[in-house]
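Look over the sequence and the fold, then read the notes below.

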Amino acid sequence: MNRVARAAEVFGIRRPQNIKQKLAKITAIAVALMGLGMNVGIANAATLSSAKVALSDPRPSTTAVNYTFTGSSVTLSSIKCIKFVFATTATGSTVPTGFDSSVGAVALNAGGTNYVPTPASWGLNKSTNGTLLLTLAGGETPASASGRTISYDGITNSSIFNTSYYLRINTYDDATCATNPVDNTTVQFINTNGSTLSLTVDNTLTFTVNAVAGSSSCNGATSTQASTATTIPFGTVTAAANQIVCQDLTASSNATNGYTVFARYTAKPTNALTQTIVDWTGTNAAPTTFSAAGTEAYGYTTDDATLGTGTAGRFASNKWAAMTTTNDEVGFEASGVSTGTYRIGHQVGISNITRPGTYITTIIYTCTPVF
């Protein structure tokens, strides 16, 4: 050191001060750098990009939840450990309140995992709540650098909502998950309460009686006169020919159990002298074929082949029944429909001795929904 000082004086250079102290500082810095060199692998682990974690159900305390991590910029070199750490802070180790990744249901979802070529070959250690260790002693190299996923089923969410939590992911070329880091990243997730959606749907029902033109098909018969929505005009009837008038009943309802359409009259068709037209002999439960011209009778038919009581298609093939003063089923739907139409036929015949006069009665249709 003295030779250095004397040489400085010969060449007119100012003598360095505190040379020993400066050399000591240089030596300390060199030692520090050497120390850093021992951890350079951890400091230089690559950071995954486009990283995220998706929860199949983010509601607090929900069980059997799937957590799927997705990341890119994956290093294409051997990895032997994938470590997941769930924590309340980005760098901490405190597990979120109520969170449980150690329950028996927790398992790697191999079908949703492509970070490694054969995820089913890897072993899962979930013994420490909040930490999942996926290892393979021989290691594997990711098949692609982008869109790599790791998926776990069966996790129980934290019981706290609207609070950010963190998931740290580290990969290692070391099955002890301690040295030789490869990639890492930290992502956030939040548990949120579900929002209760509510709405009200009112009961709906429409029911109309509609006219049917003459010469229209009516459950195997043909109408001889036109109807209106409020009249069934047979006109003048003779023993030579029966008369048939039809009406369409149209219903619509959102009733859960559908509806039934009924028909009745206020009395037998009656003239001013209180004489009546006799009822046809068939009944709603057992309708029959109407008689040929020349027989006095009044009856009805319906084209609904799916009635809700008795024999469903009992009115098929032009069968007729006597109208009564109590409701009889002429239309039925087992559940709500947007539109249902039922053609109701009315037929009358007279004999040569049917008393003269104008015969009148009122037909009443009712639609009863079952909500």
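pLDDT is the predictor's confidence in each residue, on a scale from 0 to 100. This is a predicted model. Its protein chain has a mean pLDDT of 91, and 88% of the residues reach 70 or more.

**Confidence**

- Where pLDDT is low, the predicted coordinates should not be read in detail.

**Disulfides**

- How many disulfides does a search of the whole structure find? The search finds two.
- A disulfide is a covalent bond between the sulfur atoms of two cysteines.
- Counting bonded cysteines along the chain, the pattern is 1-2, 3-4.
- Cys 81 is bonded to Cys 177, with 1.9 Å between the sulfur atoms. The link of Cys 81 and Cys 177 is right-handed, with 100 degrees about the S-S bond.
- This pair links distant parts of the chain, 96 residues apart. Cys 81 sits in strand β4 (residues 79-87). Cys 177 sits in the loop between β9 (164-172) and β10 (181-190).
- Cys 81 and Cys 177 are both buried.
- Cys 218 is joined to Cys 246, with an S to S distance of 2.2 Å. The link of Cys 218 and Cys 246 is left-handed, with -125 degrees about the S-S bond.
- Cys 218 belongs to strand β12 (residues 217-218) and Cys 246 to strand β14 (residues 243-253), so their bond ties together parts that are 28 residues apart in sequence.
- Cys 218 is buried, at a relative accessible area of 0%. Cys 246 is buried too, at 0%.

**Another buried cysteine**

- Is Cys 367 buried or exposed? Cys 367 counts as buried because its relative accessibility is 12%, and the cut-off for buried is under 20%.

**A four-stranded open sheet**

- Which order do the strands take in this open sheet? The order is β2-β3-β8-β5, with antiparallel pairing.
- β2 (49-55) and β5 (107-108) are the edge strands. Each has a single partner strand, so one side of each is left without a neighbour in the sheet.
- β2 pairs with strand β3 (residues 65-72) over five bridges, in the antiparallel sense. Val 53 has Phe 69 of β3 as its bridge partner.
- β3 and β8 run antiparallel and are joined by six bridges. Here Thr 68 stands opposite Ser 151 in β8.
- β5 and β8 pair over two bridges, also in the antiparallel sense. The bridge partner of Ala 107 in β8 is Asp 153.

**Nonpolar cores**

- The largest nonpolar core has 29 residues. Tyr 67, Ile 82, Phe 84 and Phe 86 have the most contacts inside this core.
- The elements giving two or more residues to the core are β2, β3, β4, β7 (131-140), β8, β9 and β10. β4 gives the largest share, four residues.
- Beyond four places in sequence, Phe 86 touches several residues, including Tyr 67, Phe 99, Leu 132, Ile 155, Tyr 166 and Phe 189.
- A second, separate core has 24 residues. Among them are Ile 277, Tyr 300, Met 323 and Tyr 365.

**A buried asparagine**

- Asn 219 is in the loop between β12 and β13 (221-222).
- Asn 219 counts as buried because its relative accessibility is 16%.
- A polar atom of the Asn 219 side chain lies 2.9 Å from the backbone oxygen of Phe 315.
- Which residues does Asn 219 touch, not counting those up to four places away in sequence? They are Thr 301, Thr 302, Asp 303, Phe 315, Ala 316, Asn 318 and Lys 319.

Terms used:
Residues numbered from 1 in each chain as written. Predicted model: local features only at pLDDT ≥ 70, side-chain atom pairs only at ≥ 80, totals over all residues. Heavy atoms only, no water. Disulfide = S-S within 2.5 Å. Buried < 20%, exposed > 50% of the residue type's maximum accessible area, 1.4 Å probe, protein only. Polar contact = N/O pair within 3.5 Å; in protein donor to acceptor, adjacent residues only side chain to side chain. Contact = heavy atoms within 4.5 Å. Pairing = 2+ DSSP bridges. Core = buried A, V, L, I, M, F, W, Y, C linked by side-chain atoms within 4.5 Å.
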